[in-house]
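Visitor: I would like a close look at a single part of this model, please. Pick one spot, and then show me how the rest of the chain is arranged around it.

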Amino acid sequence: MLRTRLQFGLMALIFAIGVGLGSGVALAYQVHMQNALGDLNAAYHQLQVAIPDKAGHRVQAMSLVSQAISQVQAGIAAGV
């Protein structure tokens, strides 16, 4: 249920940003990119709540997932 709320909130935020990009700009909904973004956010959350003692691998995974989130967001913005 929390994941659904997070995904809905994220989609609402992305929609609001898209609407604010300017009048007359048609935004193509990028279903696969949006799904990837939702999955990455869910993965990041799972890493946050995981037991911390993982010899540094959990922290590294969180960093990589965060980078992936940024890249997917940039890809969505570029695909407008």
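Guide: Let's start at Ala55, which is exposed, with a relative accessible area of 70%. Here "exposed" means over 50% relative accessible area, "buried" means under 20%, and "partly exposed" is in between, using a 1.4 Å probe and protein chains only. Ala55 is in the loop between α2 (31-49) and α3 (57-78). Most residues other than glycine have a negative phi.

Before we move on, a word about what you are looking at. This is a predicted model, in which local features need pLDDT of at least 70 and side-chain atom pairs count only at pLDDT 80 or more, while totals for chains, interfaces and linings use all residues. Residues are numbered from 1 along each chain as its sequence is written, and side-chain values use heavy atoms, leaving out hydrogens and water.

Now step back to the whole chain. It has three helices and zero strands, and from the N terminus on the order is α-α-α. Helices (H or I, at least four residues) and strands (E, at least two) are DSSP runs, numbered from the N terminus. Of the 80 residues in the chain, 19% are buried. The accessible surface comes to about 5,800 Å², and 65% of that belongs to carbon and sulfur atoms; such areas come from the Shrake-Rupley method with a 1.4 Å probe, and for residues only the protein chains shown count as cover.

The buried residues of α2 are Gln34, Leu37, Gly38, Leu40, Ala42 and Leu47. By contrast, His32, which is also in α2, counts as exposed at 68% relative accessibility.

The largest nonpolar core holds eight residues: Leu37, Leu40, Leu47, Met62, Val65, Ile69, Val72 and Ile76. Both α2 and α3 supply at least two residues each, and α3 gives the most, with five. A nonpolar core is a set of buried Ala, Val, Leu, Ile, Met, Phe, Trp, Tyr and Cys residues joined through side-chain atoms within 4.5 Å. In soluble globular proteins, nonpolar side chains tend to be buried together.

Met62, in helix α3, counts as buried because its relative accessibility is 13%. Leaving aside neighbours within four places in sequence, Met62 is in contact with Tyr44, Leu47 and Gln48, where contact means heavy atoms within 4.5 Å. Met62 and Tyr44 are 18 residues apart along the chain, and their C-alpha atoms are separated by 6.1 Å.

Further along α3 is Ile76, buried at 12% relative accessibility. Not counting residues up to four places away in sequence, Ile76 touches Gln30, Met33, Gln34 and Leu37. Ile76 and Gln34 are 42 residues apart in sequence and 7.9 Å apart in space, C-alpha to C-alpha.

Gln30 is in the loop between α1 (2-19) and α2, and it is buried, with a relative accessible area of 16%. A polar atom of the Gln30 side chain lies 3.0 Å from the backbone oxygen of Ile76. Beyond its neighbours within four places in sequence, Gln30 is in contact with Gly75, Ile76, Gly79 and Val80. Gly79 is in the segment after α3 and is partly exposed, at 38%.

Finally, how far can you trust the picture? The mean pLDDT, the predictor's confidence in each residue from 0 to 100, is 82 for the chain, and 65% of residues reach 70 or more. Confidence is highest in α2, at a mean of 98, and lowest in α1, at 59. Over residues 22-26 the pLDDT is below 50, and beyond near neighbours in sequence this stretch has one contact in the model. Where pLDDT is low, the predicted coordinates should not be read in detail.

Note on methods
A polar contact is a pair of N or O atoms within 3.5 Å; within protein, one must be able to donate a hydrogen and the other to accept it, and residues adjacent in sequence count only if both atoms are side-chain atoms.
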